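Have the structure open while you read.

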Amino acid sequence: MNELYLKLNESQQEVVKSTEGPVLVLAGAGSGKTLSIVHRIAYLISEKMVSPWHILAVTFTNKAANEMKSRLEKSFKISTKSLWIGTFHSMCARILRIESQYLPFSSNFTIFDANDQDTIIKKIMKNLNISSKQFHPSKVKSAISFQKNNLISWQEYEQNYTDSFYTKILAKVYKAYQQYLVKNNGMDFDDLLFYVVNLFKKNSKVLEKYQNKFEYIMIDEYQDTNYAQYKIVYELGKKYKNVCVVGDDDQSIYGWRGADIYNILSFENDYQNAKVIPLVQNYRSTRLILKAANSVISNNRARHKKELWTKKHIGNRIKIVELDNENEEAMYVAQKIKEIICDNNVSLNDIAVLYRTNAQSRVFESEFLNANINYRVIGGINFYQRKEIKDVLAYLRILANPRDNESFLRIVNFPKRHLGNVSIGKLIDFANQKAVSLRKSLEYIEQCQDLSNNIKDKFQKFNDFLLSYEKKAEILPINELMNNLVDDLKLLSIYEQQELVSGETRADMVKELVASAEEFTSLYKDEFGKKPKLNEYLQQVSLITDIDRTDSSENSVSLMTMHNAKGLEFSYVFIVGAEDGLIPHKNSIEEKAQLEEERRLFYVSITRAKHDLYITYANCRRYYDYYNFNRASRFIDEIDPDTVEYTNKQFERTYQIAKKKINICKEHSANLLTNKEFQVGSKIIHKTFGKGTVLGITKNGAKAKLTIAFESGRIKKIIDSFVEKI
DNA sequence: GCAATGCCTCCTGAG
DNA sequence: GAGGCATTGC
């Protein structure tokens, strides 16, 4: 046996060697579960002589999958070409493309992301005359998503669940939405899972094929699987029953998107004679950090009771820091980061800032820019959801999938072709008459009677453009295709003007996309010996996330949500915005189950830290136009007091800088004042909001906008003509 | 009939 | 702080 196995502890070795029958690994945070899975796969292949072709491993991110692959290749010299490692979604997409003949889709179907879903649902609701004020589209979207994750089709929903006015409306939208997707040859993320389960149910031959293929199945992060995913695993494993799931009920943080903690809690019931292996030795964090984490999570009821332990040294106390507002918080963190890298000679890659909501990243971004600290934001506006990236991808999608009307509409008048809503509306009517896709309708545009010859010409030109690129797509590899496209459309010069928060332009983003396509081309060529074309590229690009894209070769601090931090570790971790209302989030305080999930999220965040942990909270936090005054998170009170030390507003230096900034702000506003009527500090009165004090003044064209603190406690921005001085 | 402008709203979390 | 939408401007 390879000596690499000897590095594992006893329980880990048991995970590796228990290859036959169902296995439940209860792996605590930092207990080396990824290591165990990698060794288990290696053991199956090198010792048990199982063909990689018979193994399926499901990970939470594509990045985790790639890391596993490269470890298998480097440490164990195992070729991973025929091994299936990936996320549930990528595995399902792969199956559905292979088996598309049994589906109402062709293999080049488009995957619609959350934004596409929004647009489609809004459009459908408009068509059905459903008020989007009364039924919020995003609520409708998540309701539909919830049904799919629980494997309820629109037909079934329509029949069995329409007992109220609301559910009847929902049934209508759900039906129209699914029909629209089929018409566009597209699926959303939930469909990927849903259609696989359905396929397995309806077509026993296909199911058997995959049951025979996957003799050994491993699922990571099992605590975050939803019903559809559970069902996929269950069906695939039915024949050989060699299903090994790894998870930690204390780290289940995706209940809100259908993940069911019950899946892991009831594994032993679902799989007869399952072997249960706990991994409770932590190799990541210092003793104090671990003790703090244990003390917090012990407040949860719904869990397998267990306590992590470590042989590591005791370490430093956790620093809990109170600050006045979010700006001061960002300055404090920036300052501390500078101290850490000076004193300890650590790399910025070893440092992470974790927050509950994406919106919190902004202050840190601008402060880090100021302080010259390299950073990268993970998540938030996903790279592939950026407007400029979606524009390019829409061109590619319409080439690959001509039935994709969504992408067509996105680009038909971008760059501007003098085709406005009226003309496009007429084209849509025309396509509907002909019962063809918008793309196809262009080919008959001559026959359309509603359009002037001038407009027809423009559509004709667009048609010619698409035709020429459809030809190119067949012969050119993706990097050349994309390069040509970006050049022809002059996208870079269009986007050069538009600057983003980070100081980069949209053109830079497009360049990055082009570069990533180049990289994809060369990697793909290495693996398969030929350059990838459009379809190969699109198949993977829809499922890439920000985490997958992170490149640790560039030295920078990571900024991300607590959710995104799952599975990662850093020497120095800052948990910021630790306030009641943020963590636990205000929407999750009332219900006990939700509160426990928030606690798990906090627990996950704490356990990311290896060396030092900072927890900060601000007394006052700006939210759009008003200010929130929050108390420190209740979870801070739950941390064992022996493991923490408090710093209360003693950060004089940053505090002074903050004060200076506020003064500059005041002067600045004063200078903008034109009518001299209002000044910072002026007392005013407003018809509906009552009395208040002017905090700031901004000019917008001829109008001056006043930021006013009303006596009611609300802070609002109001145009000066609506208030009177008192 | 298209394009530019200004206002409004959004922010829990993500594949 | 940016996209979506309605209104106005050309």
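Phe-574 is buried, at 0% relative accessible area (buried is under 20%, exposed over 50%, partly exposed in between, with a 1.4 Å probe and protein chains only). This is a predicted model, where local features need pLDDT of at least 70, side-chain atom pairs count only at pLDDT 80 or more, and totals for chains, interfaces and linings use all residues. Residues are numbered from 1 along each chain as its sequence is written, chains are lettered from A and ligands numbered from 1 in the order in which they are written, and side-chain values use heavy atoms, leaving out hydrogens and water.

**Aromatic pairs**

- The structure holds 30 aromatic pairs (Phe, Tyr or Trp rings, the six-membered one for Trp, with centres within 6.5 Å; planes under 30 degrees apart are stacked, over 60 edge-to-face, the rest tilted).
- Take Phe-194 and Tyr-195: their ring centres are 5.9 Å apart and the planes meet at 90°, so this pair is edge-to-face.
- Phe-194 is buried at 8% relative accessible area, and Tyr-195 is buried too, at 11%.
- Phe-574 pairs with Tyr-614 in a stacked arrangement, with 4.6 Å between centres and 15° between planes.
- That pair ties together distant parts of the chain, since Phe-574 is in strand β13 (residues 570-575) and Tyr-614 is in strand β14 (residues 609-623), 40 residues apart (strands are DSSP runs of E, at least two residues; helices are runs of H or I, at least four; both are numbered from the N terminus).
- Tyr-614 is buried as well, with a relative accessible area of 6%.
- Ring pairs also join Tyr-222, Tyr-227, Tyr-230, Tyr-234, Phe-267 and Tyr-271 into a cluster.

**Charges over rings**

- Arg-97 puts its charged end over the ring of Phe-109, 4.0 Å from the centre (the cut-offs are NZ of Lys or CZ of Arg within 6 Å of the ring centre and within 35 degrees of the ring normal).
- Lys-387 sits over the face of Phe-414, 5.0 Å from the ring centre.

**Cysteines**

- There are zero disulfides here (cysteine sulfur pairs within 2.5 Å).
- For Cys-92, the closest cysteine sulfur is in Cys-244, and at 19 Å that's too far for a bond.
- Cys-92 is buried at 0% relative accessibility, while Cys-342 is exposed at 65%.

**Around Asn-150**

- Asn-150 is in the loop between α6 (137-149) and α7 (154-160), and its 28% relative accessibility makes it partly exposed.
- A polar atom of the Asn-150 side chain lies 3.0 Å from the backbone oxygen of Phe-146.
- Gln-178 is 28 residues from Asn-150 along the chain, with 16 Å between their C-alpha atoms.

Terms used. A polar contact is a pair of N or O atoms within 3.5 Å; within protein, one must be able to donate a hydrogen and the other to accept it, and residues adjacent in sequence count only if both atoms are side-chain atoms.
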